[in-house]
Amino acid sequence: MKLSNITKRAMAQSLKKMLLVKELDKITITDITNDCGINRQTFYYHFKDIYDLLEWIYKNEVIDEIDNKDEEWQQRFLYIFKYVLKNKEFVKNTYNSISREYLLRFIYMQTNKLLIDFIDKESEGMNIKVEDKKFMADFYKYGFVGILQKWIEDGMKEEPEGIIRKLNSIIEGDFKKALEKMQN
């Protein structure tokens, strides 16, 4: 592992550790650099601010994992739920702070990518406009993220596998039917 990745991971771990006891808007770059034993210049060499570090954490801990999976949407979306559950306090403190928009933007982007990949795979050989595929992905994306958001707000009590099972039973076969209706 490159030295710069080790430094980034150290800063990420520091931020995650602090988020267990402090709100994000109360954490300073000095707090992070002191905890890591690095100087501010090193922090700014890697990140423009704490929100940039936050985005890096989500990208490196979730996106890379999802991108490396050759699985159906259910397993990939389940991974997002499990990540949130495993990092419950970190996610909760991110969600309940002014950085909620960063978390939601990240989740929307990942859910969209996951759905576009699935829709592209399901629509192979079909003549469907790109904007129609995008519309379909947007429809499901807002539903999926809304369910995830509500789950976070309700304290993440329900098992992720149960949520995925419910989602799957609601939409099983609907992707294919919708794609067939959208063909030119």
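The charged end of Lys16 sits over the ring of Phe90, 5.4 Å from the ring centre. The criterion is NZ of Lys or CZ of Arg within 6 Å of the ring centre and within 35 degrees of the ring normal. The model is predicted: local features need pLDDT of at least 70 and side-chain atom pairs 80 or more, while totals for chains, interfaces and linings use all residues. Side-chain values use heavy atoms, without hydrogens and water, and residues are numbered from 1 along each chain as its sequence is written.

Rings of Phe, Tyr and Trp (its six-membered ring) pair if their centres lie within 6.5 Å; planes under 30 degrees apart are stacked, over 60 edge-to-face, the rest tilted. The count by this rule is 12 aromatic pairs. Phe139 and Tyr140 form one that is edge-to-face, with 5.2 Å centre to centre and 85° between the planes. Accessibility was classed as buried (under 20% relative accessible area), exposed (over 50%) or partly exposed (in between), with a 1.4 Å probe and protein chains only. Phe139 is exposed at 57%. Tyr140 is buried at 10%.

Helices α5 (residues 73-86) and α8 (residues 130-153) have axes that come within 11 Å and cross at roughly 25°. Contact (heavy atoms within 4.5 Å) involves Trp73, Phe77, Ile80, Phe81, Val84 and Leu85 of α5, and Phe144, Ile147, Leu148, Trp151 and Ile152 of α8. Helices are DSSP runs (H or I, at least four residues), numbered from the N terminus. Axes are lines fitted to C-alpha atoms over the stretch in contact, with angles from 0 to 180 degrees between N-to-C directions. The two helices are therefore roughly parallel (under 35 degrees).

Key:
Parallel < 35°, antiparallel > 145°, perpendicular 65-115°, else oblique.
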